[in-house]
Amino acid sequence: MMDVEVTSVAFHGNEANASVLFRPKSSPEQGMQMNYTLESKGNKWVVLKKAGGGGNPHGSGVPGQPAPAPSGALPPGHPPVQPSEQPK
């Protein structure tokens, strides 16, 4: 159901930084990029920490596709909400 692509890996001794792109097969434009810091332990690589790809956390996260500009407006097709529920 998902396509997973390692877009880059940089090794620094027993640590590595990796960028991984996750895309649902049904909506590849809705993908998300994650960055991982890994450490070599024996014959395995273990995740030390992970972070998002940066930019707008509600954007596409897919390289080459712009994130929508924040406007306070609801996305197209979103059901109406009460005034007290609208984003500020």
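Modeller: Reading along the sequence, you get the pattern β-β-β-β, with four strands and zero helices in the protein chain. Bear in mind that this is a predicted model; the mean pLDDT is 75, and 59% of the residues reach 70 or more. Be careful with residues 54-60, where the pLDDT is below 50, though the model still gives this stretch 11 contacts beyond near neighbours in sequence.

Now to the part you asked about. Searching the whole structure turns up two salt bridges. One of them joins the side chains of Lys 25 and Asp 3, at 3.2 Å from N to O. Asp 3 sits in strand β1 (residues 2-12) and Lys 25 in the loop between β2 (15-24) and β3 (32-41), so this pair ties together parts that are 22 residues apart in sequence. Lys 25 counts as exposed, because its relative accessibility is 52% and the cut-off is over 50%. Asp 3, at 40%, counts as partly exposed.

Glu 39 and Lys 41 form a salt bridge too, with 3.7 Å from N to O between their side chains. Here Glu 39 counts as buried at 18% relative accessibility, since buried means under 20%.

The protein chain exposes about 6,800 Å², and carbon and sulfur atoms supply 56% of that.

Key: Residues numbered from 1 in each chain as written. Predicted model: local features only at pLDDT ≥ 70, side-chain atom pairs only at ≥ 80, totals over all residues. Heavy atoms only, no water. Helix = DSSP H or I, 4+ residues; strand = E, 2+ residues; numbered from the N terminus. Areas by Shrake-Rupley, 256 points an atom, 1.4 Å probe, with all protein chains shown as cover. pLDDT = per-residue confidence, 0-100. Contact = heavy atoms within 4.5 Å. Salt bridge = Lys/Arg side-chain N within 4 Å of Asp/Glu carboxyl O. Buried < 20%, exposed > 50% of the residue type's maximum accessible area, 1.4 Å probe, protein only.
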